[in-house]
Amino acid sequence: MDSNTIFVRTTKGEDEMRNKSALLVGDMKRALLMVDGTATFGEISKRAAPSLRNILDEMFKDLEKGGFIQDKAKAKAGNIPKMATPKMATPFKKPVDEGVEELDFTAAFRAPSADALAAEAKKAEAAKLKMEAEAKAQREIEAAKLKMQQEAEAARQKAEAEAKAKQQAEAARIKAEAEAKARQDIEAAKLKAQREAEEARLRAEQEAAKAREEAELAKQKALAEAKVREALERRAREEAEAARVKAEQEAARVRAELEAARAKAESEAKAREEAKRRSREAAEAAKLKAQQEAE
């Protein structure tokens, strides 16, 4: 809805405000009360209670559809609902002879007396004053209701703010207690860590001392083992040298024996070759002799 729109109450709306009708109740009647013909919809929305702001647009649309309010611009353009036109008095019919009716217009248009006019004027003025008083009282009541609702809304908001403040204070207290407990836990953890670190340092020093002792013993043992290894290695070298000399001597002996055996084998091979040669020569000679004898 346009926030610059100015609404005015229709005749139906005025009757509702003067309690001549009871078609609206609760928030709808409160919304109708805020229509004064001068304030825009945006201004009414700003001064309305927070509980009505979200639904004020829909309520004004419903009031406009129901004919309780209308756009002031349209009303100026001549779109104001027509007032009911009072009916003229019906002339009194006077019976005449033989059932023929004759109209008597004197009763309907008889001029009223001055006293009657004065009484009627006083009565109309009293009715007008009463209506104005009732309208004023109704406006005052509605204003008081609105004020009470605004005060109640303000009280509710204040109570909500105080409750929120209490919740925040409670949350802050809980947070402070949690932080204090956390600090205590941190301090306890710090002390525990320091104690454990001290115990670890003592254990490390003890283990280091034990390790140094074991290292010293291991060093002494290693030195002793090194001396033993050195003696063993020296002995092994001596034995290896003796074995090498013996092996060399044995190898020389074996080589000499092999050389002698080789020489003997060569001599025997030569003798066998010589014997074979002589045998072949003897066979050739015998063969030649046999051929000669055969010839």
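Residues are numbered from 1 along each chain as its sequence is written, and side-chain values use heavy atoms, without hydrogens or water. Because the model is predicted, local features need pLDDT of at least 70 and side-chain atom pairs count only at pLDDT 80 or more, while totals for chains, interfaces and linings use all residues.

**Stop 1: helix H5**

Select residues 56–65, helix H5. Helices (H or I, at least four residues) and strands (E, at least two) are DSSP runs, numbered from the N terminus. Colour Leu56, Asp57, Met59, Phe60 and Leu63: these are buried (under 20% relative accessible area; exposed is over 50%, partly exposed in between; 1.4 Å probe, protein chains only). They cover an arc of only 165° around the axis, which puts them on the same side of H5. The arc is taken from the directions from the helix axis to the C-beta atoms.

Just after H5, check glycine 67: its phi is positive, about 85°.

**Stop 2: the nonpolar core**

Show Ala31, Leu32, Met34, Leu56, Phe60, Leu63 and Ile69. These have the most contacts inside the largest nonpolar core, which has 19 residues. Such a core is a set of buried Ala, Val, Leu, Ile, Met, Phe, Trp, Tyr and Cys residues joined through side-chain atoms within 4.5 Å. H2, H3 and H5 each supply at least two of its residues. H5 gives the largest share, 4 residues.

Centre on methionine 34. What does methionine 34 touch, leaving out residues up to four places away in sequence? Ile44, Arg47, Ala48, Leu52 and Leu56, with contact meaning heavy atoms within 4.5 Å.

**Stop 3**

The structure holds 23 salt bridges (a side-chain nitrogen of Lys or Arg within 4 Å of a carboxyl oxygen of Asp or Glu).

Select arginine 173. Its side chain meets glutamate 170 at 2.2 Å, N to O, and glutamate 177 at 2.4 Å. Arginine 173 is partly exposed at 38% relative accessibility.

Finish at arginine 278. Its closest N lies 3.2 Å from an O of glutamate 274 in a salt bridge. Arginine 278 is exposed at 55%, whereas glutamate 274 is partly exposed at 28%. Salt bridges with shared partners join Glu274, Arg277, Arg278 and Glu281 into one network.
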